[in-house]
Amino acid sequence: MNLAQFLAGRLVKGIVVLFAIAILNFFLIRAAPGDPAQVLAGEAGAADAVLLEQLRARFGLDQPLIEQLWIYLKGYASLDLGFSYRQQRPVLELILDRLPATLLLTGAAFLVSLGLGVLMGALAARRAGRWQDSVITTLALVFYATPLFWIALMSQIIFSLKLGLVPNVGFETIGANYTGLARALDIAQHLFLPALTLGLFFTALYARMMRASMLEIAGADFVKTARAKGLSPGVVSRRHVARNAILPVVTLAGLQAGQLVGGAVLTETVFAWPGIGRLMFDALVQRDYSVLLGVFFVSSAMVVGFNILTDLVYRLADPRIEATS
Amino acid sequence: MTGLRLGLALAASVLALGAATAQEPKKGGTVHVVVQPEPPMLMQGLNQNGPTNMVAGNIYESLLRYDEKLNPQPSLAKSWEISPDAKVYTFKLQEGVTWHDGKPFTADDVVFTLDKFLREVHPRWRPIVNAQVETIEKVDDLTVKITLKQPFGPMIMTQEVASAPMIPKHIYDGTDYRANPANNTPIGTGPFKLKEWKKGSYIHLVKNENYWLKGKPNLDEIYWQIIPDAAARAVAYETGKVDVLTGGSVDVYDVARLSKLPNTCMTTKGWEMFAPHAWLTPNVRNGILGNKQFRQGLMYAIDREFGKDVVWGGLGKLPTGPISSKTRFYSSDVPTYAFDPAKAKELIKASGYKGETIKLLNLPYGETWSRWSEAIKQNLEDVGVKIQIENTDVPGWTQKASNWDFDLNFNFLYQLGDPAMGVARSYISSNIAKGNPFANVGGYSNPEVDKLFAEAAIAATDAQRQELYTKVQKLLADELPVLWLLEMDFPTIYRCNVKNLVTTGIGVDDGFRDAWKE
């Protein structure tokens with residue numbers, strides 16, 4: 001089977017999966033108590049039967065359930081993700097609006113954690129049992145075990161409040177109207193804490209996985225052979241051990257990459273980062289069905305897409321792996 | 001010691017007041033304010049959520065404003081007259097008022113707003129206009145006459161901006177109001193205009209250069225920042241990102257700490273119109289909760305002082321009955337319930353309570369409410385009542401409360417300036433309806449209470465109304481259809497160089513007209 005056939009097959013499977021997920025999502029969110037009209041009316045501190053009826057009609061909730069499902073699927077088939085009455089905007093617009101900030105945060109955290117994690121893991125493996133190893137594994141354990149929100153708040157108190165180095169919340173300085181380089185610098189400053197917080201957790205995961213994987217490979221016969229050939233430890237480590245050890249890391253990176261668009265609810269909330277994670281979380285507590293379904297759909301499409309991509313990266317990292325496997 | 005400190009504080013505030021009035025407001029400047037959660041929309045005629053009101057109350061205006069004593073003040077109405085039989089209200093409008101799009105504001109807009117728009121969509125105005133109002137007419141371009149079916153004392157309190165915001169007729173008449181694209185670009189007459197709303201980040205309001213009140217507003221810009229986490233909001237204030245922390249936007253245990261920061265002022269004023277009143281609603285349909293002795297037992301068993309001082313960090317005041325002491329028609333001549341576990345045990349025993357489990361529905365509005373549930377559970381278990389706390393999210397709570405699916409339920413309601421609007425709704429039997437968590441969800445029904453509230457609403461004079469409300473307060477405090485826990489305070493924390501921020505009965509909701517920055 002060649003690459004094109006492989007891709008076509010995976011795409012068809014992907015579409016079937018997405019369709020199933022879309023239907024599942026639809027019923028899943030309706031299993032939660034309450035509905036968007038009731039929430040909206042409840043928040044206003046006053047409501048009567050007339051208002052609820054008006055709002056339900058507006059949300060399309062006065063239609064039979066099966067009719068609502070049909071409208072939803074029909075829309076999605078033509079890539080129309082619907083309209084959020086609550087936010088008075090088309091869902092696609094809401095999601096696209098949040099996309100740059102989301103990708104910036106999750107992308108930065110992804111790159112930081114992947115780079116740092118692989119480097120730390122490799123270093124720890126080469127110095128296994130020595131003090132460098134202890135420091136790295138201890139750090140990784142601390143990053144891994146500490147709750148994200150705690151790190152997030154503590155980093156705000158230390159870096160923003162006590163040291164005054166970077167701002168604690170937001171995407172950029174509101175009202176400053178920076179442009180060009182000044183704006184990029186301003187955004188970078190705002191990005192620092194959330195990207196670091198989010199990145200640390202994954203750094204720990206990558207470091208631990210890379211270390212374990214390297215140590216496992218280091219004992220393999222072909223590594224002994226390479227050493228026996230007289231190759232320097234650095235070359236053995238880079239060319240023979242690391243390249244083989246990277247496969248599980250690629251798997252993990254593929255998983256993380258699939259979640260890039262889903263955003264990071266906790267980090268975005270604590271740092272007031274205007275990303276998709278918060279859009280989704282707000283939609284959840286407001287039972288804003290159309291937004292919730294839209295985010296779910298886009299996120300699952302990304303997961304499916306990145307799964308296909310991960311399979312391709314496997315082939316690059318290790319040509320022995322057949323696309324068919 | 002405490003007396004001295006209070007004296008000093010008073011002296012300081014008197015001095016500050018003197019200084020503030022003596023100073024000439026400075027023009028210009030930008031103020032950053034916290035708004036949380038993000039409002040769903042800013043079209044105040046269609047949505048009256050707390051955050052919506054906080055922002056939109058500076059974009060829209062109503063006929064009247066209310067000072068901190070809830071006296072009506074001119075706003076879009078320059079003056080008003082009430083006929084001797086208390087049935088005809090004539091409002092004279094300000095001259096030279098324009099909408100943000102430049103069109104003139106006239107009596108046609110007022111008639112459209114009150115008679116058509118709000119009658120159709122506003123859950124608070126609809127029952128008033130349908131039950132009390134005979135006609136709403138334009139007399140001339142700047143005069144509107146409202147004729148009532150019978151005297152209705154609270155009428156003059158109904159024109160607060162969230163309750164009756166003026167809506168532009170030229171944009172909404174003949175359209176499907178809720179689907180009008182203009183809902184995204186609110187057009188009011190207010191001192192500020194919407195410049196930009198970056199969803200998830202901020203709402204940017206700018207000065208209305210053509211504002212009818214000459215020389216106002218003083219500020220150039222307001223940024224309402226959306227910061228979802230309470231601790232991060234506190235840090236944002238401390239690092240200078242925001243200047244104003246609006247009521248309820250930081251955790252109660254942070255209030256005292258933040259208030260002590262340099263150049264920081266704190267006030268609990270600006271909530272007189274709403275006067276949030278918190279209580280536990282017993283579902284009187286559910287067995288023992290229908291028993292008055294049992295409810296009285298619960299009231300004696302709850303250490304309400306502890307709730308106020310510890311759970312709410314000393315903010316607020318203990319209520320004595322259904323009407324807040326901060327509003328009109330309050331009476332302290334009622335039976336009271338001081339914390340007394342021994343008496344509680346006696347009453348609960350006499351009520352015939354058999355040890356059945358009572359479900360306590362927690363209000364999912366943050367940690368403070370959860371702590372309060374736990375404190376009350378402990379109080380009640382100390383006198384032998386079995387309590388099981390139920391937790392859910394906001395939509396879950398709304399549904400359970402609306403559909404009467406609870407034994408005991410936390411809630412807090414606004415008093416809305418008059419008992420006929422904010423109080424009666426929780427006790428009268430005609431308001432026992434599913435679908436609304438702020439109706440009479442406990443199911444308490446008493447013909448005498450119904451009669452007293454009905455008569456008080458339409459009694460001709462304030463003295464007559466007071467007499468009836470005094471009676472009903474006494475009666476309800478004995479019957480305990482709900483267990484009143486706290487007259488809540490929502491402190492506004494702000495930099496002291498932001499002046500004149502809280503000057504009305506709704507505080508920052510319409511406060512930026514007069515505010516200025518030193």
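Trainee: What percentage of the 325 residues of chain A count as buried?

Mentor: This is a predicted model, where local features need pLDDT of at least 70, side-chain atom pairs count only at pLDDT 80 or more, and totals for chains, interfaces and linings use all residues. Residues are numbered from 1 along each chain as its sequence is written, while chains are lettered from A and ligands numbered from 1 in the order in which they are written. A residue is buried if 20 or more other C-beta atoms, placed from the backbone, lie within 10 Å of its own, exposed if 12 or fewer, and partly exposed in between. By that count, 41% of chain A is buried.

Trainee: How many helices and strands does chain A have?

Mentor: Helices (H or I, at least four residues) and strands (E, at least two) are DSSP runs, numbered from the N terminus. Chain A has 13 helices and 2 strands, and its C-alpha trace spans about 85 × 60 × 40 Å along the principal axes.

Trainee: Which residues touch the most other members of the largest nonpolar core?

Mentor: In soluble globular proteins, nonpolar side chains tend to be buried together. A nonpolar core is a set of buried Ala, Val, Leu, Ile, Met, Phe, Trp, Tyr and Cys residues joined through C-beta atoms within 7 Å. Here the largest one has 228 residues, and those touching the most other members are Tyr206(A), Met210(A), Val295(A), Ile222(B), Val244(B), Phe453(B) and Leu483(B). Helix α8 (residues 180-218) of chain A gives this core its largest share, 14 residues.

Trainee: What is Tyr206(A) in contact with, leaving aside neighbours within four places in sequence?

Mentor: Contact is when the C-beta atoms of two residues, placed from the backbone, lie within 7 Å. For Tyr206(A) the list includes Ser113(A), Leu114(A), Val249(A) and Leu252(A).

Trainee: On to helices. Which residues of α14(B) are buried?

Mentor: An α-helix has 3.6 residues a turn, so residues three or four places apart point the same way. In α14(B), the buried ones are Val449(B), Leu452(B), Phe453(B), Ala456(B) and Ala457(B). They cover an arc of only 130 degrees around the axis (taken from the directions from the helix axis to the C-beta atoms), which puts them on the same side of α14(B). Pro447(B) and Glu448(B), on the other side, are exposed. Among what covers the buried residues are α13 (419-422) and α15 (462-479) of chain B.

Trainee: How far apart are the end C-alpha atoms of α14 of chain B?

Mentor: The expected span of a helix is 1.5 Å times one less than its number of residues. The 12 residues of α14 (residues 447-458) of chain B should therefore span 16 Å, and the end C-alpha atoms are 17 Å apart, which agrees.

Trainee: And strands? Which residues make up the covered face of β5 of chain B?

Mentor: Tyr89(B), Phe91(B) and Leu93(B) form the covered face of β5 (residues 88-93) of chain B, with Val88(B), Thr90(B) and Lys92(B) on the uncovered one. Two strands pair if DSSP finds at least two bridges between them. β5(B) pairs with β4 (residues 77-82) of chain B in the antiparallel sense over 5 bridges, and Leu93(B) is the bridge partner of Ala77(B). These two form a hairpin with 5 residues between them, and Ala86(B) in the turn has a positive phi of about 60 degrees. Another 5 bridges join β5(B) to β7 (residues 143-148) of chain B, also antiparallel, where Lys92(B) stands opposite Thr143(B).
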